[in-house]
Amino acid sequence: MPELPEPPEPLESYGEGRAIAPTGAGGASDLATAEGETLEPTPAATTNEPVGSGPERKARSLWSDAWHDLRRNPVFIVSGLVILFLVVISIWPSLIASGDPLDCDLSKAQEGSQPGHPFGFNGQGCDVYTRTVYGARTSVTVGVLATLGVAVLGSILGGLAGFFGGGWDGVLSRITDVFFAIPVVLGGLVLLSVVTSATVWPVIGFMVLLGWPQLSRIARGSVITAKQNDYVQAARALGASNSRMLLRHIAPNAIAPVIVVATIALGTYIALEATLSYLGVGLKPPTVSWGIDISSASQYIRNAPHMLLWPAGALAITVLAFIMLGDAVRDALDPKLR
């Protein structure tokens, strides 16, 4: 008579505090595991969201990532505070200077520091402190407007050349080569020497005229790189128009190098305005400018060095602040430097 198989035990010990229950198929299920899965739902079951989703895991864009880095960069913070101070006193110089920059007293010419006049007086008896404060308005205005004009004109021309290519690109490249061959200071001496206006517009126009080729080259190369990306080719395959591809897909991803170069160039344009004014072809009196004050004080540098020290120091700090800001922005926007 054959032996019958022994019935399985109802429960048998499996490790510490775990049990195996028989199943209809002759297998076993881990009760502790099953109960744990039933009593402790997963985060996805609790929140009705897939695991790994949520705002805390959302990838940052290039601009948000750059701002995240800039806020922790001491160079950006220091230069930003200096530039903010310059902008404030350019708009409201009377906040820290109550005098009139054109109010002069020849009896006090070349005198040093006095109560109420911490920087002394210049060769015409004008308060150096007041003229230094009001000179920030002219320099910042020229630098900002020239940079905006250069950035807009250079970005448009260079972007169109890089996007369409062909004959337009060839003509623009030859034109930029011609402008690059013109020395900036020499060009200013020639072009501005025939201008009699004492306003800032001739100087701004000259800077835009000779400054746009550099931004145009930067924008052209950036657009050529961006238009080769897969998302641009996909938009083209879906029938997107040229204007839509330029404005929605290429421009946002090609503008970063232009912003970096324009930020650094802003300080350069401020220095260029001071140089042209020093040479007598830039801004002209009665306009208050650091370059004009440096030019008038250079002949008294031995007898009254304070006349040159303060406007030259303000100019150097301003140019350095914009260059440092541009370097910080470049480090934040350039993926190769991360």
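**Close-up 1. Thr 287 and the residues around it.** Thr 287 is buried, with a relative accessible area of 19%; here buried means under 20% relative accessible area, exposed means over 50%, and partly exposed is in between (1.4 Å probe, protein chains only). This is a predicted model, in which local features need pLDDT of at least 70, side-chain atom pairs count only at pLDDT 80 or more, and totals for chains, interfaces and linings use all residues. Residues are numbered from 1 along each chain as its sequence is written, and side-chain values use heavy atoms, with hydrogens and water left out. You'll find Thr 287 in the loop between α11 (256-278) and α12 (290-297). The helix names come from DSSP runs numbered from the N terminus: helices are H or I, at least four residues, and strands are E, at least two. Setting aside residues up to four places away in sequence, Thr 287 touches Arg 131, Thr 138, Ala 198 and Ile 292, where a contact means heavy atoms within 4.5 Å.

**Close-up 2. Arg 131, one of the residues that Thr 287 touches.** Arg 131 sits in helix α5 and is buried, at a relative accessible area of 9%. Its side chain and that of Asp 293 are joined by a polar contact of 2.9 Å. (A polar contact is a pair of N or O atoms within 3.5 Å; within protein, one must be able to donate a hydrogen and the other to accept it, and residues adjacent in sequence count only if both atoms are side-chain atoms.) Neighbours within four places in sequence aside, Arg 131 is also in contact with Pro 101, Leu 102, Asn 122, Cys 126, Thr 287, Val 288 and Trp 290. Along the chain, Arg 131 and Val 288 are 157 residues apart, yet their C-alpha atoms are separated by 6.6 Å.

**Close-up 3. The disulfide of Cys 104 and Cys 126.** A disulfide is a pair of cysteine sulfur atoms within 2.5 Å, and by this rule the count comes to 1. That one joins Cys 104 to Cys 126, with 1.6 Å from S to S. The pair links distant parts of the chain, 22 residues apart, with both Cys 104 and Cys 126 in the loop between α4 (74-91) and α5 (128-164). The link is right-handed, with 70° about the S-S bond. Are the two ends buried or partly exposed? Cys 104 counts as partly exposed because its relative accessibility is 34%, while Cys 126 counts as buried at 3%.

**Close-up 4. Gln 110 and its backbone angle.** Gln 110 isn't a glycine, but it has a positive phi of about 65°. It lies in the loop between α4 and α5. With a relative accessible area of 31%, Gln 110 is partly exposed.

Close-up 5. Apart from neighbours within four places in sequence, Gly 282 is in contact with Val 203, Leu 276 and Ser 277.

**Close-up 6. Helix α10 and its bend.** How far apart are the end C-alpha atoms of α10? They're only 15 Å apart in this helix of 13 residues (242-254), short of the 18 Å that a straight helix would reach; the expected span is 1.5 Å times one less than the number of residues. α10 bends by about 25° at Arg 248, and Pro 252 follows within four residues. The bend is the angle between axes fitted to the seven residues ending at a residue and the seven starting there. Met 245, Leu 246, Ile 250 and Ala 254 are the buried residues of α10, and their cover includes α5, α8 (201-226), α9 (230-237) and α11.

**Close-up 7. The largest nonpolar core.** A nonpolar core is a set of buried Ala, Val, Leu, Ile, Met, Phe, Trp, Tyr and Cys residues joined through side-chain atoms within 4.5 Å. The largest one has 29 residues, and Ile 270, Leu 315 and Leu 333 have the most contacts inside it. Helices α3 (62-70), α4, α5, α11, α12 and α13 (306-333) each supply at least two residues of this core, and α13 gives the most, with 12 residues. Apart from this core lies another, of 22 residues, among them Val 150, Val 203, Ala 265 and Ile 292.
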